[in-house]
Amino acid sequence: MKDTRSLRERYDDVRERVARAAEKSGRRASDVMLVAVTKYASIEDIRELVSYGHIDLGENRVQQLVQRAAIIEEFSNRRRERGAAPSAPSVRWHMIGSLQRNKVRQAIEVSKLIHSVDSLRLAEELQDFAEERASGPGGESIGPVDVLVEVNISGERSKHGVAPAAARHLVDMIDTMVALRPRGIMCMAPTPKAGEEASLDDARRVFTRCKEIFDEIRAIGSGGERFDILSMGMSDDFEVAIECGANLVRVGSAIFGESKSTTDEDDDEDDDEK
Ligand SMILES: *Cc1c(COP(=O)(O)O)cnc(C)c1O
């Protein structure tokens, strides 16, 4: 059945479900960050969401991230100038998709948090550009770039991310890089096999394992005090993810509606380097 609800209704519904799932696991709604994934959303819908006061937005492709960040920034500035939202905080962009090394510089410039560091090589590249930026004009005021390590829990070959056993080592390596700060880990639920429904049990298994890895790394003290973000859960499974301990969920279609587009999360059409 077609979803005829308005953006406002869908957004409020997701926020309510996030709050309920958080309470169910003994936390508050404010303990879980909701990142609205805009990859299939129209600019109009993104603007509307921002006008509700929503702050955290996510994109999975750098090019679109950069374009949209510029458009939304301009929109926010105009609203501020008009006095519509004089004290509205700036939007924060999350880079959630696999990051190609030739797009690292752009990604760093606009992202508040990069969710998808999945190799030492990529981390080193990020470190190089982040350090270069910090030593440039005005660089003294730029803090380290916050990143998550993406972990491939299910072991599917179609998925990005490091093997669970390698996660801690990558966190340790990133922790030695002065211009980067490891903030946590990210994972994705398994992709259902062709013709099958997504299984919430499978998702729960993956999320539970991811939470264990997160806790192990924290217990050892890798990543330090600020290693505190567990990014997991999307439209179909964010409540399960929160119950399993996620404190950041990435939700697209449940907020913006189903897409007509055929592009998906692993759209690598502009993968000109890897
Ligand atoms: C698209 C995407 C999401 C959101 O997916 P929905 O199912 O639309 O909520 C979350 N995380 C990543 C990495 C994505 O690419």
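**Reasoning through helices and cores**

Biologist: What makes residues of H3 count as buried, and which are they?
Modeller: This is a predicted model. The buried residues of H3 are Val62, Leu65, Arg68, Ala69, Ile72, Phe75, Ser76 and Arg79; they are called buried because each has under 20% relative accessible area. They cover an arc of only 145° around the axis, so they sit on the same side of H3.

Biologist: What do the buried residues of H3 pack against?
Modeller: They pack against helices H2 (43-51) and H4 (104-110), along with strands S2 (56-59), S3 (92-95) and S4 (111-117).

Biologist: How do you know that the end-to-end span of H3 agrees with its 20 residues?
Modeller: At 1.5 Å a residue, residues 62-81 should span 28 Å, and the end C-alpha atoms are 28 Å apart, so the two agree. After H3 comes Gly83, with a positive phi near 80°.

Biologist: What makes a set of residues a nonpolar core, and how many residues has the largest?
Modeller: Its members are buried nonpolar residues joined through side-chain atoms within 4.5 Å, and the largest such core has 70 residues. Ile114, Leu126, Ile185, Phe207 and Ile255 have the most contacts inside it. Helix H7 (residues 200-220) gives the largest share, seven residues.

Biologist: Why is the crossing of H6 and H7 called right-handed?
Modeller: H6 passes H7 in a right-handed crossing, so called because the near helix is turned clockwise from the far one by less than a right angle. Helix H6 (residues 164-175) and H7 pack at about 35°, with axes 10 Å apart. Pro164, Ala167, Arg168 and Val171 of H6 meet Ile213, Ile217 and Ile220 of H7.

Terms used
Residues are numbered from 1 along each chain as its sequence is written. Side-chain values use heavy atoms; hydrogens and water are left out. Helices (H or I, at least four residues) and strands (E, at least two) are DSSP runs, numbered from the N terminus. The expected span of a helix is 1.5 Å times one less than its number of residues. Buried means under 20% relative accessible area, exposed over 50%, partly exposed in between (1.4 Å probe, protein chains only). The arc is that of the directions from the helix axis to the C-beta atoms. Contact means heavy atoms within 4.5 Å. Axes are lines fitted to C-alpha atoms, for helices over the stretch in contact, and angles run from 0 to 180 degrees between N-to-C directions.
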